[in-house]
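This report describes a protein chain by its domains, its helix packing and a few local backbone features. Please look over the sequence and the model before reading on.

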Amino acid sequence: MATVLDEAEVVETKRGTCPICGAGCYVKAKIANNRPLAIRPDRTAGFPADCPRAGQAIDYHDHPERVNYPMKRVGKRGEGKWQRISWDQALDEIAEKLASIRDRFGPEAVQTMGGSYKGAGDASCWRWSNLWGTPNILYQGKNCGEAELLSEWAVYGEQTCIGNRAIPGTTKSIILWGVGGSMSMASQVKNLRQFREQGGKVIAVDPRRTDVTDMSDLWLQLRPGTDGALAYGMINVIITEELYDADFVRKWCVGFDELTEVVREFTPERTSEITWVPAEKIVEAARIFATNKPGLIPFGLGAAELGKATTSAVFGKTYLRAITGNLDVEGGARFADPPDSTRFREEMHWDALIDHPLRKRDNISADRWPIASVRGLKAYRKAMEKVHPLGVGPTIYNMVVAPSAIPTAILEGKPYPVKAWILQAGNPLVSLCDARKLHEALMSDELELSVNMDHWMTPCGALADYVLPATDGLERPLLSNMWGFADAFSAAKRIVEPLYERRDDYQLWRELGNRLGQEGMWPDTMEEWFDRILEPSGVTHAELADQPVPWLMAEPGHRRYEERGFATASGKVELSSALLSGLGYPAIPEYEEPAWSPEGSPELSKDFPLILMTGNSLKWYYRSQHKHLEVMRKQHPYAQLTIHPDTAAELGIEEDSPVWVETPMGKVRQQAKFDAGMHPRVVHADSHMWYPERDAEGDAHFGVWESNINAILPDGEDYADYAGDNYMRGLICRVTPAEGNVPPLNLHPARLEMSR
Ligand code: SF4
């Protein structure tokens, strides 16, 4: 965005964070007259904004289509008629409606949801929700890797750190399981190269060839959705060949014999039949990982979102780390341990109110998926109380609702009614499965209040009653520990004052709280709240942000279990989990096929012969975001269906031509792209695509059904995993040529002129 400088204006250089997505990478910005003139990665701060999206930071910050003022719906829901109102009017009216809903239906009738990560902004939503008394919280992590974390809590009593990386020269092997290409792990590629140069072994598990699989010593190209079988097959080899860490297993694990029984049928040959990975590669992978120690299996989203098949996949990874003795060792799986020298738990996760006096009911999905409920959370807390009598670690994602429960609660009032929905920075009509059912719920008169706070008008925002303008990463301060997944806090100041009437998330919750009986609970500003969180550490937020490396790190430590045990009921790694069985689950999950797969639904698969993956990270977009930004849209203007060229030729499909991608629930239109690295029987469909330039069609906005693969993916009890997460990989589809051409890109900014 061109800026003409007055000679007298002072140009300052400030450190802040990139506003483009929630990763919070550090930038240095030249600022004049409260406007950023140029933004560059800050390489001193430890996490520079190096990805290609960051170059659009200034365009993002002051784009003509940003939402800049509160708006109230004046027509019917979804009709697109808005009136600009003041913040006070919006907050007064929303608070009044919330109080009325609480009086008639109880505090649990409010569903809050956060999308893209916003640092502690997300935690201010959880804080409000807990103070208010609703257990119905949903956040982005539920739809990514939460199933993986919950398995670690159930087996280890703690979770491994999201930032775990190989230590070159120390770590000897790494399994990159479902991490995707380097775009998904941009900050780790240099580390990976160094690791390999120093002799480290890399095993990649991925159904499609990527630059990361090309860097590996061994690539396991499995059938999508069969990760659990692969993990159990590797465990079978490790146990059969006695390659496990016998000393660690004897002293620190319970349930080894039961695990041995569960994996017995997963011989290399049987595992190969299920997964399509040659038996000798399964054996080789198991041997490499078990004999090159310490070894690491870092967090990877690809083994989650497999529907029912997720459960054995995430537990299988959890068992692999444990039986090879790679837990809590240097170069292996470090545990996430946010700095104890903060009020992290009390302030951000608000543990003190787990037994809120107003909350009478568990969350709306607790009966079906108790692992993620208040009941589940209490079970975790009880199991770990010997090691951590005051409670430990993040708790919020131990009680997050399953997304599929929300439309049912709104439309049918089951298990009890949800009447209000407050969404911040999320776009669930393109990010959640069975999106048409959610659309029906958001349009329903049963939903009495719908609030959307965002940077942009989205397909979801277009159905809201109130749309509120949010600050971006340049305009808000940051205190981040990645929802508690990390073992550190990073800090940054706001580097420009908010434009127009944009406000921090924190301010929404504080202002609503102050109108609804939470007076005295909320410091005036986000910065003051951050100071309160950091106070025990002796550093203020501003001081931390000004440090050369603005990070507050946890105390390093390894093998702490030797002194205090593991934080489970037995004090050991529970391969057979008492927590799981106490909640009604099998203590060790059996392998389950994906619900839609050649083995799971053979009849259906005859009509839908291709295996469908979705949801890979795209270079130019973070999930549903950035569709307004011209530079990015030009790079990737339309949703893409990636297919092997031989398969495309058989189907009469030409490169770049439009295709129908069809599942048993319907079809969407995407653009064919050829990739010889795909398995010929597997295709990948872009998810999260919507088109802000499209006119509304009735109550569907911004082309939300045109290419949106999540509109034709199933959700609910028959499909979800043990935690109720969405089912987005390891599905089936058919692909056919579509008529016409892919529409040309025709962005028309300033659609929201009224909002400026
Ligand atoms: S777009 Fe996201 S990942 Fe890329 S530099 Fe910015 S904050 Fe980091």
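The model is predicted, so local features are given only at pLDDT of at least 70 and side-chain atom pairs only at pLDDT 80 or more, while totals for chains, interfaces and linings use all residues. Residues are numbered from 1 along each chain as its sequence is written, and side-chain values use heavy atoms, with hydrogens and water left out.

**Domains**

The domain assignment, whose bounds come from an automatic or database source, gives domain 1 (12-61), domain 2 (71-141 + 337-553), domain 3 (165-333 + 562-577) and domain 4 (602-737). The centres of domain 2 and domain 3, taken over C-alpha atoms, are separated by 34 Å. Five residues of domain 2 are in contact with six residues of domain 3, where contact means heavy atoms within 4.5 Å. The size of an interface is often given as the accessible area lost when the parts come together. Here domain 2 and domain 3 bury about 510 Å² between them, with 60% of it on carbon and sulfur atoms; buried area is the accessible area (1.4 Å probe) that two parts lose on being put together, summed over both. On the domain 2 side, Ala-383, Val-387 and His-388 lose the most area to domain 3, together 67% of what that side buries.

**Helix pairs**

Helices (H or I, at least four residues) and strands (E, at least two) are DSSP runs, numbered from the N terminus. Axes are lines fitted to C-alpha atoms, for helices over the stretch in contact, and angles run from 0 to 180 degrees between N-to-C directions. The table lists three pairs.

| Helix pair | Axes come within | Crossing angle |
|---|---|---|
| H4 (residues 146-156) and H12 (residues 310-323) | 9 Å | roughly 50 degrees |
| H7 (residues 227-240) and H11 (residues 279-291) | 9 Å | roughly 65 degrees |
| H10 (residues 268-275) and H11 | 8 Å | roughly 115 degrees |

Angles under 35 degrees count as roughly parallel, over 145 as roughly antiparallel, 65 to 115 as roughly perpendicular and the rest as oblique. A crossing is left-handed if the near helix is turned anticlockwise from the far one by less than a right angle, and right-handed if clockwise. For residue classes, Ala, Val, Leu, Ile, Met, Phe, Trp, Tyr, Cys and Pro count as nonpolar, Asp, Glu, Lys and Arg as charged, and the others, Gly among them, as polar.

H4 and H12 are therefore oblique to each other, and H4 passes H12 in a right-handed crossing. On the H4 side the contact includes Ala-147, Glu-148, Ser-151 and Glu-152, and on the H12 side it includes Thr-310, Val-314, Phe-315 and Lys-317. The residues of the contact of H4 with H12 comprise eight nonpolar, three polar and four charged.

H7 and H11 are therefore roughly perpendicular to each other, in a right-handed crossing. Leu-230, Gly-233, Met-234, Val-237 and Ile-238 of H7 meet Ile-282, Val-283, Ala-285, Ala-286 and Ala-290 of H11. By class, the contact of H7 with H11 has nine nonpolar, one polar and no charged residues.

The axes of H10 and H11 cross at roughly 115 degrees, which makes H10 roughly perpendicular to H11. The crossing of H10 and H11 is right-handed. Pro-268, Glu-269, Thr-271, Ser-272 and Thr-275 of H10 make the contact with Ala-279, Ile-282 and Val-283 of H11. Four nonpolar, three polar and one charged residues form the contact of H10 with H11.

**Single residues**

Lys-293 and Pro-294 are joined by a cis peptide bond with omega about 0 degrees, and Pro-294 is in the loop between H11 and strand S12 (295-296). The peptide bond from Lys-414 to Pro-415 is also cis, with omega near 0 degrees. Pro-415 is placed in the loop between helix H15 (405-412) and strand S13 (420-424).

Asn-34 is not a glycine, yet has a positive phi of about 65 degrees. Asn-34 sits in the loop between strand S2 (26-32) and strand S3 (35-41).

Glu-511 is in helix H18 (residues 505-515). Glu-511 and Asp-88 are 423 residues apart in sequence and 9.2 Å apart in space, C-alpha to C-alpha. Leaving aside neighbours within four places in sequence, Glu-511 is in contact with Leu-91 and Arg-503.
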